[in-house]
Amino acid sequence: QVIKCKAAVMWEANKPFSIEEVEVAPPKAHEVRIKIVATGICRSDDHVITGGLVMPFPIILGHEAAGIVESVGQGVTSIKPGDKVIPLFVPQCGECNSCLSTKGNLCSKNDVGSAAGSMPDGTTRFTCKGQAIHHFVGTSTFTEYTVVHESAVAKIDSAAPLEKVCLIGCGFSTGYGAAVQTAKVEPGSTCAVFGLGGVGLSVVMGCKAAGASRIIAVDINSDKFAKAKELGATECINPKDFKKPIHEVLIEMTGHGVDYSFEVIGHTETMIAALACCQYNYGVSVIVGVPPAAQKITFDPMLLFTGRNWKGSVFGGWKSKDSVPKLVADYMKKKFVLDPLITHTLPFTKINEGFDLLRTGK
């Protein structure tokens, strides 16, 4: 059965979302149709609107969500209607080299890099005004109903509050995992976190959970400092308050640079600053923010020659289908908090106001 429902369609770049009636096709073999209960707004969605992340239009964005399975396609055995689930923008097929490796988590079936804007079979499940609408990274959660591949959905605890655990679908897991999984922050270490949005704050939480003794939070918006301290930052600094480059400030503050640094913005200049501020011989710097399209980095290779480690981290290094249910279970056991990451709760039709709040740093 085709479902007609509301969705926020992005018809073209740099325009507001348009709330439209869309038709959502039934799930094909190995697909799952989900009623979305809650979805978060992430800067990566905004990057598509501004062209920083190139995707085909028209498109239904959104990739951080939680919902309830409405129906399943032929051959789906792991999930049934009524199950509470989180869609996964990084799938886990279990068969590709990244899925088979203990070191990897970026399944080759992902649509983050290829930007096809379709289901794995090359078609879409959304139609609006007679026109096919593209999917976003295999999830498309800015709609009342969506269809995802079976490899891109995780069944979670039926008691979990969906309006909170939706953050485990991207922001929280991405930041927390960058610290505990990708960097493997050690007790007593010193960390610097560039960017204090939801993902950056989750990095702060991960550094604290890993036992870091100093967590220096860096942002050009000082309004974010109180929350960063509440979640574990030991010091907060604003680059605008200094005449010298921020990496020099951090080296002075620590004497030799930080053990671990995290770039959680997606700007090439802060990526280099984060690399330069970590200890010259054994420092580890992790790129967490989505890099802008068509921009290149130029840096002094001596920064790496001396021994620094420069790493990337997608979805916090977690194998998605395996890890998301466990992270939800940890949340239910109160091993970490999510409430401080939720600043506003709006009805779906006010999605444009939500993006305004994101863009103004609120």
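Predicted model: local features only at pLDDT ≥ 70, side-chain atom pairs only at ≥ 80, totals over all residues.
Phe172 is buried, at a relative accessible area of 1%, where buried stands for under 20% relative accessible area, exposed for over 50% and partly exposed for values in between, with a 1.4 Å probe and protein chains only. Residues are numbered from 1 along each chain as its sequence is written, and side-chain values use heavy atoms, without hydrogens and water.

Let me continue with the aromatic rings. How many aromatic pairs does the count come to? The count is 9; rings of Phe, Tyr and Trp (its six-membered ring) pair if their centres lie within 6.5 Å, and planes under 30 degrees apart count as stacked, over 60 as edge-to-face and the rest as tilted.

One of these pairs joins Phe17 and Phe355, and it is tilted, with 4.9 Å centre to centre and 45° between the planes. Phe17 belongs to the loop between β1 (3-9) and β2 (18-24), whereas Phe355 belongs to helix α11 (residues 351-359); the two are 338 residues apart. Helices (H or I, at least four residues) and strands (E, at least two) are DSSP runs, numbered from the N terminus. Phe17 is buried at 6% relative accessible area, and Phe355 is buried at 1%.

Phe172 has its own partner, Phe336: this pair is stacked, at 4.1 Å centre to centre and 20° between the planes. Phe172 lies in helix α4 (residues 171-183) and Phe336 in the loop between α10 (320-332) and α11, so the pair ties together parts 164 residues apart in sequence. Phe336, at 7% relative accessibility, is also buried. Ring pairs join Phe172 and Phe336 with Tyr176 and Tyr331 in a cluster.

I turn now to helix α7. Which residues of α7 (residues 246-254) are buried? They are Ile246, Val249, Leu250 and Thr254. Their arc around the axis is only 120°, which puts them on the same side of α7; the arc is that of the directions from the helix axis to the C-beta atoms. These buried residues pack against β10 (190-194), β11 (214-218), β12 (235-237) and α8 (268-277), contact being heavy atoms within 4.5 Å. After α7 comes Gly255, with a positive phi near 90°.

Finally, the cysteines. A search of the whole structure finds 0 disulfides, a disulfide being a pair of cysteine sulfur atoms within 2.5 Å. For Cys5, the nearest cysteine sulfur is that of Cys128, 10 Å away. For Cys99, the nearest is that of Cys96, 3.7 Å away. Cys5 is buried at 6% relative accessible area, and Cys99 is buried at 10%.
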